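Please read the following note alongside the sequence and the structure.

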Amino acid sequence: MNPYVPILFLFVLGIGFAATSVLVFAKIGPTRYNRAKLDSYECGIEPSPQAAGGGRVPVKYYVTAMLFIVFDVESIFLFPFAVAFDQLGLFALIEMVLFVIAVFIAYAYVWRRGGLEWD
């Protein structure tokens, strides 16, 4: 038996479940629309054509999301290293120390620039 058959089976099962869920909900779901449901959701604030402050869009949320991604990628690299530390040897240890130093420098830069402060 090919080792990829179970993976293919789960992939097809997942796609089938998603498609079935969408089709069933479209048939049996409620279809009562009104003006409030068709408006865009703005957290209770009326949407305006121009952003507050003269058209500038605050990017604080996007910076926070990018910081999360950077430190999430760090954890993705550190967990497998910790699991296979015995088999990797000294070279991998040096590489991981350099990686952690690079991430720490990025963290210090963000901290100094005020990226972690929420005003």
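1. Which residues make the nonpolar surface patch of about 720 Å²? The patch is made by Phe85, Leu90, Leu93, Ile94, Val97, Leu98, Ile101 and Ile105. Patch residues have over 30% relative accessible area and no salt bridge, and nonpolar side chains are joined within 5 Å. Areas come from the Shrake-Rupley method with a 1.4 Å probe, and a salt bridge is a side-chain nitrogen of Lys or Arg within 4 Å of a carboxyl oxygen of Asp or Glu.

2. The model is predicted: local features need pLDDT of at least 70 and side-chain atom pairs 80 or more, whereas totals for chains, interfaces and linings use all residues. Residues are numbered from 1 along each chain, and side-chain values use heavy atoms, without hydrogens or water.

3. Helix H5 (residues 90-113) gives the most to the patch, with 7 residues; helices are DSSP runs (H or I, at least four residues). Phe85 belongs to helix H4 (residues 85-88) and is partly exposed, with a relative accessible area of 36%.

4. After H5 comes Gly114, with a positive phi near 85°.

5. Helix H1 (residues 5-28) has 24 residues and reaches 34 Å between its first and last C-alpha, close to the 34 Å expected at 1.5 Å a residue. The expected span is 1.5 Å times one less than the number of residues. Of these 24 residues, the number buried is 0, so H1 lies largely in the open.

Methods: Patch = residues over 30% accessible without salt bridge, like charges linked within 9 Å, V, L, I, M, F, W, Y side chains within 5 Å. Helix = DSSP H or I, 4+ residues; strand = E, 2+ residues; numbered from the N terminus. Buried < 20%, exposed > 50% of the residue type's maximum accessible area, 1.4 Å probe, protein only.
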